Amino acid sequence: ARRGGMRLPFPPGPPADPLIGHLRIMPGIAVSAEVFHDWAKQHGDVMSLNVLGRRLLILSSEEAATDLLDKRGLKYADRPSFPMYERIGWKDALPFLSYGQYFKKTRKMLHTLLEREKVSAFRPIEEQEACVMLYNFLNDPAGMERHVLRYSTAITMEIAYGHRILSNDDEHLKAAERILDILLEASQPSLLDVSPLFENLPAWFPGAWFVKYIQEIKPRVLHDIQHPVSVTPLFQAAGTAKQSFVSQQLEDLQREDQLTPESLYDLTTVANQIFGGGSETSWHTITTFIACMLTNPDVQRKAQEELDRVVGDGRLPDFTDRDSLPYVECVVKETMRWHPVAPLGIPHKATEDDEYRGMSIPKGATVIANSRSITWDEHKFHDPLAFKPERFLPKPVGAGEVLPQGGVFGWGRRVCPGRHLADNMVWIGIVRILAVFDIGKAKDADGNVVEPQIEFTTSITSHPKPFSCDLRPRSAKATELIRQAYDLHMVNAAA
Ligand code: HEM
């Protein structure tokens, strides 16, 4: 961009090499959010990097991200290309789609299902699956990770496909778990980031690991996308299909005589976003919450005091209690602030030249809003690294701080379409765990307390590395409640 004949400067950044730019100092994806956060302290909340001639913009404040990605949403609605994700079978997955007709079509299909007013219809599924999670915690506390994964996967599977997960061995749980591994593996830098021409390298060529990887993983990925839809007509024919996004869409298409290979493909792709987008993210959030309770026992106690006071011990909390549980609400927010599921969000791309605060943003620049900086902004949050839910309570009881929604769910035209569903899934899961379980430190075989080490595995999303904890029902009454709720669920499941 130019002003008065003068070329505007690019936003500042760390010193660059004249030829390869910042390539040499670019951090790996696992630590990018932290490194960019540090750089921003020196170079400001709008930084730019040059990687082999490509411009990368890092926004490190809510203001900058809102000004560009929200207020000028159309200019930043595009995505850069994700060469590996596109080649392993996710080329039409909404998070990675370029802005255009197909994006608009699939986003609308998803939006229609997930609007704020519509998602309350899924509450019974969420409440039920929360009961299953509690029951699994009771019987197999060491398997906590898998039980949370089952919780989030079961909800999205039922909403998307009408498939009810009734066993810990259900194959869709493996598919959901696989997404975490694939996101990690396929986000490693590869020659494809430099040029698509490398796609044609022979698999034995040095550095061409991705050729074999794509060959191996793509059939798996495509199977995971197509399989749940391909079996739906069988369930429909047998009369056992539950109402779902897919069954509803299939019925509509059949009635309107619009069921074609293309419309079936679109439907399959969109349904996979509910499953792929929803199960991973809620799984990470609830596991992160458990890690935070382990390391912040005072917070846990305070939330439980509120629950005991408002709900008592005679029943499990449900959605009607939400407004009466302000501290629990803050715990959920603080979990999302303290460690956002997507530390760098998902990158956007500038579709035209732009200018901001007297600096030039060139067309084609990749634009990242660093959630880590935005939710740890010391101008907005006192003691930002500490886990302090009361920061969100109004003054004078709390600090009156506000959670930047964008730092959790993203921005503008690419804002997470599943955020209202996610909000419900995460809240009911967390509140029910708090109501009936004490999350404490585990003991080793010799009876010594294991001090928790909470670390994260990070690619585009971030998940706590395995940690041990002691999940203990809060009372005999709590155990009874869990059993009763589960029995009721099984009766309903059989119906
Ligand atoms: C705690 C749970 C969740 C978190 C923290 C989360 C976070 C995000 C973020 C940060 C983005 C990127 C936004 C941007 O580019 O600016 C995103 C996109 C997306 N999310 Fe979520 N999400 C969650 C749950 C869900 C659920 C439940 C679904 C589906 C049912 C979902 C589906 C999607 C899809 C399809 C996109 C891509 C949208 C696009 O590119 O236009 N997410 N999410």
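In the predicted model, Asp383 is placed in the loop that runs between α14 and α15. Its backbone is marked by a phi value near 45°, which is positive although the residue is not glycine. Most residues other than glycine have a negative phi, and most peptide bonds are trans. Asp383 is partly exposed, its relative accessible area being 44%, a value that lies between the limits of 20% for buried and 50% for exposed residues.

The loop between α14 (371-375) and α15 also holds Pro396, and the peptide bond that leads from Lys395 to Pro396 is cis, with omega near 0°. A positive phi, near 50°, is likewise found at Arg357, again a residue other than glycine. Arg357 belongs to the loop between β6 (354-356) and β7 (359-361), and with a relative accessible area of 47% this residue counts as partly exposed.

The ligand contains an iron atom, for which the protein supplies a single donor, the SG atom of Cys416, at a distance of 2.3 Å. Cys416 is located in the loop that connects α15 (405-409) with α16 (419-436).

Ser61 is situated in the loop between β4 (54-59) and α2 (62-70), and because its relative accessibility is 5%, Ser61 is classed as buried. When residues up to four places away in sequence are set aside, Ser61 touches Asp45, Ile374 and Asp377; of these, Ile374 falls within the range given for α14 (371-375). Between Ser61 and Pro404 there are 343 residues along the chain, yet their C-alpha atoms are separated by 9.8 Å.

Pro12 occupies the loop between β2 (6-7) and α1 (32-43), where a relative accessible area of 39% makes this proline partly exposed. Apart from neighbours within four places in sequence, Pro12 is in contact with His43, Val46, Met47, Ser48 and Met359. The C-alpha atoms of Pro12 and Pro347 are 19 Å apart, the two residues being 335 apart along the chain.

At the level of the whole chain, 17 helices and twelve strands are present. Along the principal axes, the C-alpha atoms fill a box of roughly 75 × 60 × 45 Å. Buried residues account for 53% of the 495 residues. Of the contacts that link residues at least 6 apart in sequence, 72% join residues at least 24 apart.

The chain exposes about 22400 Å² of surface, 55% of which is supplied by carbon and sulfur atoms. As to charge, the chain carries 56 positive and 64 negative charges, and the mean positions of the two groups are 5 Å apart.

Technical notes:
Residues are numbered from 1 along each chain as its sequence is written. This is a predicted model: local features need pLDDT of at least 70, side-chain atom pairs count only at pLDDT 80 or more; totals for chains, interfaces and linings use all residues. Side-chain values use heavy atoms; hydrogens and water are left out. Donors are N, O and S atoms within 2.8 Å of the metal (3.2 Å for Na, K and Ca); water is not among the atoms, so sites may look incomplete. Helices (H or I, at least four residues) and strands (E, at least two) are DSSP runs, numbered from the N terminus. Buried means under 20% relative accessible area, exposed over 50%, partly exposed in between (1.4 Å probe, protein chains only). Contact means heavy atoms within 4.5 Å. Accessible areas come from the Shrake-Rupley method with a 1.4 Å probe; for residues, only the protein chains shown count as cover. Lys and Arg count as positive and Asp and Glu as negative; His and the chain ends are not counted. The place of a charge is taken as NZ of Lys, CZ of Arg, CG of Asp or CD of Glu.
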